Amino acid sequence: MLPHSLSSVVLVLLCAVSSAAAATTTTTSATAVSSVFAIPSLLTPYVATTPKLEVSPESGSFSVKSVSNYGEMAYYASTWTIYRDGGGSCTLNNRTLWLFNDANAYTVSGDVFAGAATNSMSIATSFDHPGSLKDLTISSAVGYFPATPWWGTEESQYATSPSHRYALWTYSNCVQLSSTSAAHFFLVNKFSSVTSSKQYGNTMVLYSMNESTGKITVTRPMQYAFQNTSYPYGSFANVVVNGYAYLFGLDRLYSTNLDVHLAQVYTGYISNLAKYRYWNAETKAYETTLPVPTARRKAAAVIQSSIAFSTGSLFFSEYHNAFVLIYFSSYEDSTFRLIRSPSPLGPWNTTSVTLYKTTIGVGYNYGGLAHPQYFQSIAGIAGKSVMLHYSYQSASGTYPKAMTLTFN
Ligand SMILES: *[C@@H]1O[C@H](CO)[C@@H](O)[C@H](O)[C@H]1NC(C)=O
Ligand SMILES: *[C@@H]1O[C@H](CO)[C@@H](O)[C@H](O)[C@H]1NC(C)=O
Ligand SMILES: *[C@@H]1O[C@H](CO)[C@@H](O)[C@H](O)[C@H]1NC(C)=O
Ligand SMILES: *[C@@H]1O[C@H](CO)[C@@H](O)[C@H](O)[C@H]1NC(C)=O
């Protein structure tokens, strides 16, 4: 039972990259990079919750009634076999979009290598079949390209390199800004060899869907949102309450992922870093100066855990009338756990509820997250049933698996 870091568990390495996609237009300026591509009209609408900042009392039950396993999240038409990991979901324009990391695609017939990218975007075809995806950035029609644009040649010059590359990886769900726009935080890792990488910080990716054109614009307003001298706010988890985004980041360097730090910003100002405020749990007040830690700041952390976190997602559960964080710890036990709080600001009850131990393949599972937008209509109330996904290491490669968990 050894703690692990995410960078060491990504076993699938990029081998080659196909030529640039025809259907994407990439623009670069001094201030932002963006790309545009079409999103099909596969609709999975749901009604978003609108929590208050502080809720009480708790309701429902945290014990597990049942679990359904849906197996691999895969291309619905069996056109491609795609190995990939991590990732998170996002709802835009009544569509459920999925982002995954380090995609390697092969044709199903013949196992011909088709291409690779540091991340990819798919769309859910149905809430009833959580394993069924249609890939948008991997397809014979449009070619193969990363979902997030590179920050100019500084990053793109390494796009075909298996070793000295930039890796833009997400392990969280997007931050919902409106029904047609969202922000998503991706960790920026720089590899100096095939096996050696450093986390330079995280970057912010903005999604904007245009209903009339059916196209999404994916923009990076800056190369880094938070460099590794601070905490990667937004890369661990997020929740939007009353128009404000609460962005959670792990203290990897000084607490080895025990402490979670929190930033807050009005959703309308998400790309304006000067508008961010930083929660200090010790003084119970926001600070306007970005913390630049030189040591652990445990008392200032909004969650002070005794078990290190790996990945997770946070949402308001109507069923429990509580904010819940469903996560994998950094132990290699492949187990979903839950902690909860009456408010994103705490106090977090860090005595975890063990939800479900997933079955492993050739190694432990990782990248576990919850997706409450699935199954809300079945259960009638948000949070009674949640879709969970995680990265499964098979002998041939790593891929995401989907399951549903229903509380008693
Ligand atoms: C989502 O679908 C509902 C029901 O069809 C519709 O009223 C709403 O305008 C749609 N919203 C977006 C953002 O597409
Ligand atoms: C932080 O990022 C810089 C590049 O900006 C890199 O040189 C350094 O090694 C990184 N530090 C850690 C602890 O990963
Ligand atoms: C959507 O695209 C149409 C056609 O290009 C354009 O006229 C309109 O301004 C766009 N809407 C938004 C909200 O950007
Ligand atoms: C904290 O969570 C644990 C595990 O569910 C529970 O037994 C305990 O009652 C909770 N504590 C409080 C103060 O709610």
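Because the model is predicted, local features need pLDDT of at least 70 and side-chain atom pairs count only at pLDDT 80 or more, while totals for chains, interfaces and linings use all residues. Residues are numbered from 1 along each chain as its sequence is written, chains are lettered from A and ligands numbered from 1 in the order in which they are written, and side-chain values use heavy atoms, with hydrogens and water left out.

A nonpolar core here is a set of buried Ala, Val, Leu, Ile, Met, Phe, Trp, Tyr and Cys residues joined through side-chain atoms within 4.5 Å; buried means under 20% relative accessible area, exposed over 50%, and partly exposed in between (1.4 Å probe, protein chains only). The largest such core has 24 residues, and the members touching the most others are Phe37, Ile39, Leu92, Leu97, Met121, Tyr207 and Ile216. Two or more residues each come from strands E5 (80-92), E6 (95-107), E7 (113-124), E11, E13, E14 (197-210) and E15 (215-220). Strands (E, at least two residues) and helices (H or I, at least four) are DSSP runs, numbered from the N terminus. A second, separate core holds 23 residues, Val239, Leu314, Tyr327 and Leu345 among them.

Contact means heavy atoms within 4.5 Å, and, leaving aside neighbours within four places in sequence, Leu97 is in contact with Ile39, Gly88, Ser89, Cys90, Leu92, Met121, Ser122, Ile123, Leu136 and Ile216. Strand E11 (residues 166-169) points Tyr166 and Leu168 one way and Ala167 and Trp169 the other, with all of them buried. E11 runs antiparallel to strand E13 (residues 181-191), joined by four bridges; two strands count as paired if DSSP finds at least two bridges between them. Within this pairing, Ala167 sits opposite Asn189 of E13.

Some individual residues are worth a look. Arg84 belongs to strand E5 and counts as buried because its relative accessibility is 1%. Between Arg84 and Asn119 there are 35 residues in sequence but 8.3 Å in space, C-alpha to C-alpha. Thr219, found in strand E15, is buried too, at a relative accessible area of 18%. Apart from neighbours within four places in sequence, Thr219 makes contact with Ala32, Val33, Ser34, Met204, Val205 and Leu206. Tyr76, by comparison, is in the loop between strand E4 (74-75) and E5, and its relative accessibility of 46% makes it partly exposed. Not counting residues up to four places away in sequence, Tyr76 touches Thr125, Ser132, Leu133 and Lys134. Tyr76 and Ala124 are 48 residues apart in sequence, with 9.4 Å between them C-alpha to C-alpha.

Strand E19 (259-266) is largely enclosed by the rest of the structure, because seven of its eight residues are buried. E19 pairs with strand E18 (residues 244-250) in the antiparallel sense over seven bridges, where Tyr246 faces Gln264 of E19. Strand E22 (residues 303-304) is also antiparallel to E19, through two bridges, and places Gln304 opposite Asp259. Another antiparallel pairing, again over two bridges, links E19 and E20; here Ala263 has Tyr278 as its bridge partner.

On a 1 Å grid over the protein atoms alone, a cavity is a set of points where a 1.4 Å probe fits but cannot get out, a pocket is an open set with protein on both sides within 12 Å along at least five of seven lines, and lining residues have an atom within 4 Å of a point. Grid points are joined across faces, edges and corners, and a volume is the space filled by probe spheres set on the points. The largest pocket comes to about 770 Å³. Its lining has 34 residues, with Tyr46, Ala48, Thr49, Gln176 and Val240 closest to the centre. E17 gives the largest share of that lining, five residues.

Two cavities of 30 Å³ or more turn up. The largest has a volume of about 40 Å³ and is lined by Tyr233, His261, Leu262, Tyr278, Trp279, Glu287, Pro291, Arg297 and Ala300.
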